[in-house]
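Please read these notes with the model open beside you.

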Amino acid sequence: MRSLSELVAPSKTAILVVDVQNDFCEPAGSAGKGGKDTSAAMAMIPALQRFLGAAREHGANVIFIQTIHEPSTDSAVWVGRRANPDAKNCLKGTWGAEFTGIAPRESEPVVIKHRYSAFLNTRLDSVLRTLKVENIVVLGVATNVCVESTARHGFMLDYHTVFVSDCSAAYDQAAHDMTLRTHQKHFGHVATSREIIDTWTATHSVAATA
Amino acid sequence: MKTLAELVRPAKSAVIVVDVQNDFCRPEGALGKAGQPTAAAMAMLPNLQALLKAARATGTPVIFIQTIHEAATDSSAWTWRLGGQVGNCCRKDTWGAEFTEVAPLPDEPVVIKHRYSAFINTRLDSVLRTLKIENLIMTGVSTNVCVESTARQGFMMDYNIVFLSDCTAAYSREEHDISLYNMRTHFGVVATHGEVIAAWNAAPALTPA
């Protein structure tokens, strides 16, 4: 069984930042305006910023997942998930689709998706295989929808999967908590950003003194 | 938004029976012997049997999903969930891998899977496209693991999902209920087997001529 330090070993690991976008996080975005409580999403952003800073410092790969909706992927089934088919989010080219409080660096891939899972008909698996990544560290919003669907999918494609509890947020605390419980029980490991950063720091010190 | 009658229309819908296998359902199966309460799984079987009988009477295809574990698919990530052990659940050619109180008819497809979702590296999507299926009626165990993983992926592949609350079971009520919440809120419609059968009975015009 892999230890946490193996599960987040920088050269074998990618951080998947899922859907940290204005329409899902900002009170003025479409979810917020639609009555969803985005306070947990906004509250986790400082922890996410610190975590990405540490990931970059230690050389872990950072990949941004961005949901974009447009007519070419608005299938009847997909649009039919809502009682009101006109309720749209993350439309191509809009403020709502932009990242919230974080931004990819020049060298960091952005993977566009059109469904909940970042693996569903996207280039993510190709990007991860190119990087020779074995572990994914998932975080973002919403815990129980896009992050959980991505984590489930990634695990079943044979990536070791670590869910970062305090860099993910849902619109409902009970749903957030149950996702973490299901993940820990059946899909992978759950850790805080602090535990992962401490692991990187400890491993780095060991390597430096070797 | 589609009505339940449209979402279970026999020519366009398939009943997906996920992992109704001895190791997941029977007290003397692998999970039961490991201390997981299988009472809910055993208790829902009469509902599932009634649903399958009605599905066959209306001409709605029934597809059996069967988990089989063997060395060829026991990857590092997959065995991680059991602490790196291979485990003893649904091993190939064992009693534990056999179906529990349901069985495919000779013309009903069985799709073998090696992960939680019945779509991951299986022929399920090809089988469904061949049948021109648009809607999946989800049943089986466990609600929040294999059935939910399959429903999530199926929805994202553009199948409408009807998730049956009383033909699925988990190893705790809480896990079952939050799975239904996720399904209802983001992935599809949650219904009972009685509601589906009533929709079939009320819509004779929709059954194949």
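The model is predicted: local features need pLDDT of at least 70 and side-chain atom pairs count only at pLDDT 80 or more, while totals for chains, interfaces and linings use all residues. Residues are numbered from 1 along each chain as its sequence is written, and chains are lettered from A and ligands numbered from 1 in the order in which they are written.

1. Helix α8 of chain A runs over residues 173-187, 15 residues in total. Helices (H or I, at least four residues) and strands (E, at least two) are DSSP runs, numbered from the N terminus. From first C-alpha to last, α8(A) reaches 20 Å, close to the 21 Å expected; the expected span is 1.5 Å times one less than the number of residues.

2. The buried residues of α8(A) are A:His176, A:Met178, A:Thr179, A:Thr182, A:His183 and A:Phe187. They lie on the same side of α8(A) because they cover an arc of only 165° around the axis, the arc being that of the directions from the helix axis to the C-beta atoms. In chain A they pack against α7 (143-156), β5 (160-169) and β6 (189-191), and in chain B against α7 (143-156) and α8 (173-187).

3. In chain B, five of the six residues of strand β2 (residues 62-67) are buried. Two strands pair if DSSP finds at least two bridges between them. β2(B) pairs in the parallel sense with β1 (residues 13-18) over four bridges, and B:Val18 stands opposite B:Ile65. β2(B) also pairs in the parallel sense with β3 (residues 110-113), over four bridges; here B:Gln66 is opposite B:Ile112.

4. The contact between the chains takes 26 residues from chain A and 27 residues from chain B; two residues are in contact if their C-beta atoms, placed from the backbone, lie within 7 Å. On the chain A side, α7(A) gives the largest share, seven residues.

5. The largest nonpolar core has 111 residues, and B:Ile16 is among those with the most contacts inside it. Such a core is a set of buried Ala, Val, Leu, Ile, Met, Phe, Trp, Tyr and Cys residues joined through C-beta atoms within 7 Å. Leaving aside neighbours within four places in sequence, B:Ile16 has contacts including B:Ile63 and B:Ile65.

Technical notes
Buried ≥ 20, exposed ≤ 12 C-beta atoms within 10 Å, placed from the backbone.
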